[in-house]
Amino acid sequence: MAKGQEQAAPDAVLTRIGQVAMLHHAGDREEARHRFLGLWAEIGEGGDPLHRCTLAHYLAAAQDDPQEQLAWDLRALSAAEELTEDRLADRHEGTPAARALYPSLHLHLAADYDRLGHREAARVHLRRARAAAEYLAPGRYGEGVRASIDRLELRLEGPGRPDGSGGRGRPPRQGP
């Protein structure tokens with residue numbers, strides 16, 4: 001192959017996560033959750049941080065219980081932070097992918113905390129999501145994340161809630 005035309009080998013784990021995500025997006029939430037958990041068992045707590053970040057992010061979206069969503073979203077953020085640390089040590093090529101997830105990770109944590117009634121924690125993560133979103137490349141993904149941040153901000157700060165913290169309903173979960 002000519003110089004510059006080499007392609008990176010596909011990451012089989014990320015491919016498998018993506019396949020299950022398609023199943024989830026097609027509406028088979030229970031089966032997707034089951035398969036995501038099987039992948040998590042394979043990867044384990046000590047597995048590649050990019051794999052854990054991506055998988056935990058999707059696993060959070062597949063949960064019915066807000067406490068479980070929060071737990072998985074916290075795992076995803078923790079794994080993303082490991083990637084950032086690896087970047088400082090120049091050990092992992094997946095760091096830019098994790099950085100691109102920060103806005104969505106913080107957005108989901110804000111939504112999780114909001115659903116659980118922890119308004120100040122929700123606002124903290126919403127501010128972090130907005131700050132991280134400034135670094136997203138232009139395009140559909142970035143626009144979608146920014147729009148979701150705006151919607152959640154309106155719910156948190158708007159007059160729609162009796163407690164003054166925003167409107168009703170759940171913000172949509174943006175996939176990574």
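Modeller: Start with glutamine 63. The side chain of glutamine 63 reaches the backbone oxygen of leucine 59 at 3.0 Å. A polar contact is a pair of N or O atoms within 3.5 Å; within protein, one must be able to donate a hydrogen and the other to accept it, and residues adjacent in sequence count only if both atoms are side-chain atoms.

Colleague: What should I know about the model and its numbering?

Modeller: This is a predicted model: local features need pLDDT of at least 70, side-chain atom pairs count only at pLDDT 80 or more, and totals for chains, interfaces and linings use all residues. Residues are numbered from 1 along each chain as its sequence is written, and side-chain values use heavy atoms, with hydrogens and water left out.

Colleague: Where is glutamine 63 placed?

Modeller: Glutamine 63 sits in the loop between helix H3 (49–61) and helix H4 (66–88). Helices (H or I, at least four residues) and strands (E, at least two) are DSSP runs, numbered from the N terminus.

Colleague: Is glutamine 63 buried or exposed?

Modeller: Buried, with a relative accessible area of 8%. Buried means under 20% relative accessible area, exposed over 50%, partly exposed in between (1.4 Å probe, protein chains only).

Colleague: Which residues does glutamine 63 touch?

Modeller: Leaving out residues up to four places away in sequence, glutamine 63 touches Arg29, Arg33, Glu68, Gln69 and Trp72. Contact means heavy atoms within 4.5 Å.

Colleague: New topic. How do the axes of H2 and H3 cross?

Modeller: Helix H2 covers residues 29–43. The axes of H2 and H3 come within 10 Å and cross at roughly 155 degrees. That makes H2 roughly antiparallel to H3. Angles under 35 degrees count as roughly parallel, over 145 as roughly antiparallel, 65 to 115 as roughly perpendicular and the rest as oblique. Axes are lines fitted to C-alpha atoms, for helices over the stretch in contact, and angles run from 0 to 180 degrees between N-to-C directions.

Colleague: Which residues make the contact?

Modeller: On H2, they include Arg29, Arg33 and Trp40. On H3, Leu55 and Leu59 are among them.

Colleague: And where is proline 49?

Modeller: Proline 49 is in helix H3. At 10% relative accessibility, proline 49 counts as buried. Proline 49 and arginine 75 are 26 residues apart in sequence and 10.0 Å apart in space, C-alpha to C-alpha.

Colleague: Last one. How many helices and strands does the protein chain have?

Modeller: Seven helices and zero strands. Of the 176 residues of the protein chain, 44% count as buried.
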